[in-house]
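Here are my notes on the model you passed along. Have it open while you read, and go through the points in order.

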Amino acid sequence: DPVTGLSTFSTSLSPNPLLLIMQNESGQNVDLYVPRKCSYTNRLIPAKDHGAVQLNVANIDPVTGLYTGESTAYALTGYIRNKAEGDMALTTLVQEKDASTMSS
């Protein structure tokens with residue numbers, strides 16, 4: 001709105017009247033909640049999973065061993081952490097990423 005400076009949202013109608021798509025004026029999706037997935041189990045992390053964590057692991061240059069300024073995010077569910085498998089899951093994910101970057 002030019003007067004208030006607030007963005008207005010339009011809902012595009014689909015064949016199913018119960019399905020509304022939140023979009024701004026430029027057609028970009030503006031959903032308020034985008035669920036995360038566990039990096040280890042590929043399960044959706046529900047909003048009420050208060051045991052879930054997201055960790056950023058630093059990317060390191062293989063030649064110099066120095067931090068490159070980038071990081072990789074890993075999300076783990078509270079289910080994995082409750083079973084005391086969080087550190088094993090994170091180690092597995094980092095080793096898989098390391099093996100894929102070394103081979104390419």
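1. Let's begin with the pocket. The largest pocket holds about 320 Å³ of space. A pocket here is an open set of points, on a 1 Å grid over the protein atoms alone, where a 1.4 Å probe fits, with protein on both sides within 12 Å along at least five of seven lines; lining residues have an atom within 4 Å of a point. The volume is the space filled by probe spheres set on the points, which are joined across faces, edges and corners.

2. There are 13 lining residues, and Ala-58, Asn-59, Ile-60, Asp-98 and Thr-101 are the closest to the centre of the largest pocket. Strand 5 (53-60), strand 6 and helix 2 each give two or more residues to the lining, with helix 2 providing the largest share, five. Helices (H or I, at least four residues) and strands (E, at least two) are DSSP runs, numbered from the N terminus. By type, the lining has seven nonpolar, three polar and three charged residues. Ala, Val, Leu, Ile, Met, Phe, Trp, Tyr, Cys and Pro count as nonpolar, Asp, Glu, Lys and Arg as charged, and the others, Gly among them, as polar.

3. A word on where this comes from: the model is predicted, with local features needing pLDDT of at least 70 and side-chain atom pairs pLDDT 80 or more, while totals for chains, interfaces and linings use all residues. Residues are numbered from 1 along each chain as its sequence is written, and side-chain values use heavy atoms, leaving out hydrogens and water.

4. Overall, the chain has two helices and six strands, in the order β-β-β-β-β-β-α-α. Of its 104 residues, 14% are buried (under 20% relative accessible area, 1.4 Å probe, protein chains only).

5. Now the inside. The largest nonpolar core has nine residues, among them Cys-38, Ile-45, Ala-52 and Leu-76. Such a core is a set of buried Ala, Val, Leu, Ile, Met, Phe, Trp, Tyr and Cys residues joined through side-chain atoms within 4.5 Å. Strand 6 (67-76) and helix 2 (86-103) each give two or more residues to this core, and strand 6 has the largest share, three.

6. Which loop holds Thr-77? Thr-77 sits between strand 6 and helix 1 (78-82), and counts as buried because its relative accessibility is 4%. Leaving out residues up to four places away in sequence, Thr-77 touches Cys-38, Ile-45, Asp-49, Gly-51 and Ala-52 (contact means heavy atoms within 4.5 Å).

Definitions and conventions
Buried < 20%, exposed > 50% of the residue type's maximum accessible area, 1.4 Å probe, protein only.
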